[in-house]
Amino acid sequence: MRELAGKLLRLDRRAIFVLIALATLLPLLHPFGLPIRVSPEVKAVHDHIESLPAGSLFLLSLDFDPASKPELYPMAVALLKHAFKRDLRVIGMTLWVTGTGMAEKVVSGVAKEYGKRRGTDYAFLGYSPGGANVIINMGQDLTATFPTDYYGERTADLQALRGVRSLRQVNYVVSLAAGTPGVESWYVYGKEKYGFELGGGVTAVIAPGLYPFLNTGQINGLIGGLRGAAEYETLIGMKGKGVAGMDAQSATHFVIILLILLCNLFYFISPRTAVPRGSPEEVGR
Amino acid sequence: MAASVFIGGWVAAGLTLFMFSFLYKDNPFFRFGEHLYVGISMGYIIIRIHYDVMIKSLYSPVTQEGKWWLVIPALLGLLVLARFIPKVSWLSRISFAVIVGFGSGVAIPRIISSNILQQVQGTLKPILNAGQRPFGMTQFNALLILAGVITVLIYFFFSIEHKGVIQISARIGIYFLMINFGAGFGYTVMARMSLLIGRFDDLILFASREYAYASLILLILVTLGLVLWERGRRPSS
Amino acid sequence: MTLFLRRTFPLIITFLFGVAFAIQYYVPHPVSEAALTEVSVWLRIILGFAMILGIASLGQVHYAKIRTGVAGWGYSVVVYVSMLATVGVGLWAGGQEEGTGFGWIYAYTLLALQGTMFAMLGFFVASAAFRAFRARSKEAAVLLLAAIVMMFGRVPLGEYLVPAAGPLAGWLLNVLNTAARRGIIIGISLGGIATSIKIIFGIERSYLGGRE
């Protein structure tokens with residue numbers, strides 16, 4: 001038994017890869033559809049958008065690149081659907097250069113679904129380098145930061161931006177972020193001075209780090225990872241990629257928990273004298 | 001379905017499988033995909049800089065709005081590129097001095113306000129308001145947060161020797177940190193699995209009849225390719 | 001004079017900009033606000049040029065590989081060909097992505113390649129979890145337990161099997177995790193401010209590069 005445990009600890013990692021592949025693939029092909037409990041932090045973002053009157057300005061900053069698309073794109077779709085359904089004026093933009101194409105596609109795609117007109121009901125500003133400097137600039141003078149929108153139209157002439165001189169006139173900003181610049185940049189360089197309400201949607205990697213700011217109210221809500229996207233989709237009554245991915249998420253998590261438990265079980269019963277702690281053999285496993 | 005979408009599906013499925021082939025071992029398919037990614041990213045960034053920075057933020061304001069003074073940051077920007085010419089690379093220090101000086105200056109008051117003062121306020125306010133209501137879960141949580149913040153800060157204070165009460169506090173701080181790292185690991189697993197789910201979702205889409213079973217056919221071809229490559233690598237007996 | 005321009009002049013610029021814009025935050029006068037607006041525009045333009053630096057460096061590395069003919073130089077040719085093709089298509093499309101070849105390249109190659117590159121981490125994290133995540137000490141056991149509670153309680157299956165798992169994971173995040181994280185944030189921020197002050201006063205000069 002101890003020998004077997006030792007052998008299993010040295011299992012070829014490709015066997016684990018196959019296990020994970022199956023745990024991901026099978027639930028996607030045959031979903032079991034469990035209910036999704038909504039957390040207060042996701043509901044807070046939803047409720048704030050619900051409370052905004054029609055015509056309010058909602059700025060969605062899609063601060064992520066294709067690497068984080070599976071987690072943040074479903075959030076973007078859900079938020080935009082909600083915003084357009086509430087007839088809010090939407091401003092889309094990005095602080096990440098390789099996210100520009102995705103950001104444009106999601107904003108214009110969802111807008112088209114709701115019959116919203118570019119320039120009148122929404123504006124897509126595109127990308128500008130500088131991260132925090134863009135936020136400071138927008139807080140001082142938005143049309144100077146983006147003299148033209150992504151499509152080359154003068155922002156000063158856009159109906160969607162009428163009455164907007166700076167971030168002070170924006171009613172709600174949500175940053176969907178995969179790192180820096182992201183939510184932290186928006187509240188340190190933006191909300192701190194220009195006083196708009198701020199919500200966050202982030203990848204699961206950085207979500208735990210934002211709970212202190214949620215606790216103090218510096219961000220009024222937080223949508224974390226694919227689970228957060230699934231919760232938001234549930235709130236707006238939509239079955240998108242977030243909800244669809246939850247069964248596979250459950251399966252893979254259970255596989256990882258099982259692997260951790262087995263690893264510890266095998267570790268404690270395997271002949272440890274054969275592999276001293278901290279030795280090259282143990283480190284190299 | 002448009003031809004560009006159909007072909008795009010095949011290309012995306014193929015490139016996805018090229019990258020996944022690394023799970024078997026490092027191989028020419030993966031290396032090709034990796035270098036293709038580097039090249040396309042560079043090209044994409046060049047185009048975005050050209051249109052979103054050079055034209056929109058510099059050329060148009062200078063030529064169409066008469067903001068001639070923007071030539072100054074343009075010159076400072078060119079000085080950054082002096083880094084490539086060893087004889088005059090010191091000129092780039094002027095630009096970096098502007099970037100770093102401005103960045104440090106704007107950061108200090110904002111970080112003091114948002115990351116320190118507001119965080120300290122958020123820790124102490126619930127404690128100060130605790131006496132107004134009967135002691136319940138909210139007050140207990142507020143005390144736990146206060147204890148956690150103080151013990152973690154004590155742990156990181158290496159200028160004094162950790163002994164006695166300080167040592168006990170630091171040990172408690174370590175346990176709070178372990179919970180933070182554990183939560184971080186759990187969420188990191190969630191994130192990585194989500195990315196995998198996203199790619200598999202696309203592969204399943206590209207395996208449909210609409211895309212002429214692209215993922216399946218390409219999976220067979222890539223597997224065959226890897227087999228042939230392995231055979232070619234092995235020394236002939 | 002040369003030494004002044006090479007060494008002292010940049011430090012003076014850092015000091016002036018650093019002090020000016022630290023004080024600017026507390027001065028709501030229109031001139032002060034206008035200065036902030038204008039200089040932040042300048043920074044965006046300068047940083048745009050700085051992005052070229054990164055790309056040029058990468059180009060230099062791959063060019064050197066092609067020139068010297070080291071093993072794998074063919075892949076560097078792939079880098080250059082794909083970069084030039086993307087730039088060519090991008091210029092043809094005028095930088096627009098909707099319905100253009102440039103958009104096609106982005107949607108079907110860049111998205112697939114970058115997405116998959118990071119998706120592979122899912123496999124490696126599972127492998128690492130099996131091989132390395134062992135409760136060798138009390139602290140490691142606490143870490144492991146917190147990780148398991150989080151993974152169990154933040155998926156629908158876990159909440160379905162143990163209804164209390166969800167609220168427990170939420171409590172861990174909102175209370176214990178928040179406490180530790182807040183301590184880390186305050187510590188890092190104090191360190192960051194100290195570093196910024198050192199930079200402004202010329203004590204920290206590594207950002208200038210070189211030995212002078």
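Which residues does A:Leu142 touch, when residues up to four places away in sequence are not counted? In this predicted model, local features need pLDDT of at least 70 and side-chain atom pairs count only at pLDDT 80 or more, whereas totals for chains, interfaces and linings use all residues. Residues are numbered from 1 along each chain as its sequence is written, and chains are lettered from A and ligands numbered from 1 in the order in which they are written.

With that exclusion, A:Leu142 touches A:Val164, A:Arg165, A:Ser166 and A:Leu167, a contact being a pair of residues whose C-beta atoms, placed from the backbone, lie within 7 Å. A:Leu142 is found in helix H7 (residues 142–145) of chain A; helices (H or I, at least four residues) and strands (E, at least two) are DSSP runs, numbered from the N terminus. A:Leu142 is buried, because 22 other C-beta atoms lie within 10 Å, and the classes are set as buried for 20 or more other C-beta atoms within 10 Å of the residue's own, exposed for 12 or fewer, and partly exposed in between, with C-beta atoms placed from the backbone. The C-alpha atoms of A:Leu142 and A:Ala156, which are 14 residues apart along the chain, are separated by 9.3 Å.

Chain A holds 12 helices and six strands, and its C-alpha trace spans about 75 × 40 × 35 Å along its principal axes. Of its 285 residues, 58% count as buried. The chain is divided into domain 1 (2–30 + 245–284) and domain 2 (40–239), with bounds that come from an automatic or database domain assignment, and 39 Å separate the centres of domain 1 and domain 2 of chain A, taken over C-alpha atoms.

An open sheet of six strands in chain A has the order E3-E2-E1-E4-E5-E6, with parallel pairing, where two strands pair if DSSP finds at least two bridges between them. Its edge strands are E3 (122–127) and E6 (222–224) of chain A, each of which pairs on one side only. Neighbouring strands of this sheet are turned by 15° against each other on average, direction ignored, the axes being lines fitted to C-alpha atoms (for helices over the stretch in contact) and angles running from 0 to 180 degrees between N-to-C directions. Strand E1 (residues 57–63) and strand E4 (residues 172–177) of chain A pair in the parallel sense over six bridges; in E4(A), A:Leu176 is the bridge partner of A:Leu62 and A:Ala177 that of A:Asp63. Six bridges also join E4(A) to strand E5 (residues 197–202) of chain A, again running parallel, and in E5(A) the bridge partner of A:Tyr172 is A:Glu197. Strand E4(A) is mostly covered, six of its six residues being buried: A:Tyr172, A:Val174 and A:Leu176 point one way from the strand, and A:Val173, A:Ser175 and A:Ala177 the other way.

In chain B, the buried residues of helix H7 (residues 214–233) are B:Ala214, B:Ser215, B:Leu218 and B:Val222. Seen down the axis of H7(B), these residues fall within an arc of 75°, so they line one face of the helix, the arc being that of the directions from the helix axis to the C-beta atoms. They pack against helix H1 (3–20), helix H2 (28–64) and helix H6 (165–206) of chain B.

Between chains, 49 residues of chain C are in contact with 45 residues of chain A, and H2(C) gives the most to the side of chain C that touches chain A, with 10 residues.

Key:
The expected span of a helix is 1.5 Å times one less than its number of residues. Two residues are in contact if their C-beta atoms, placed from the backbone, lie within 7 Å.
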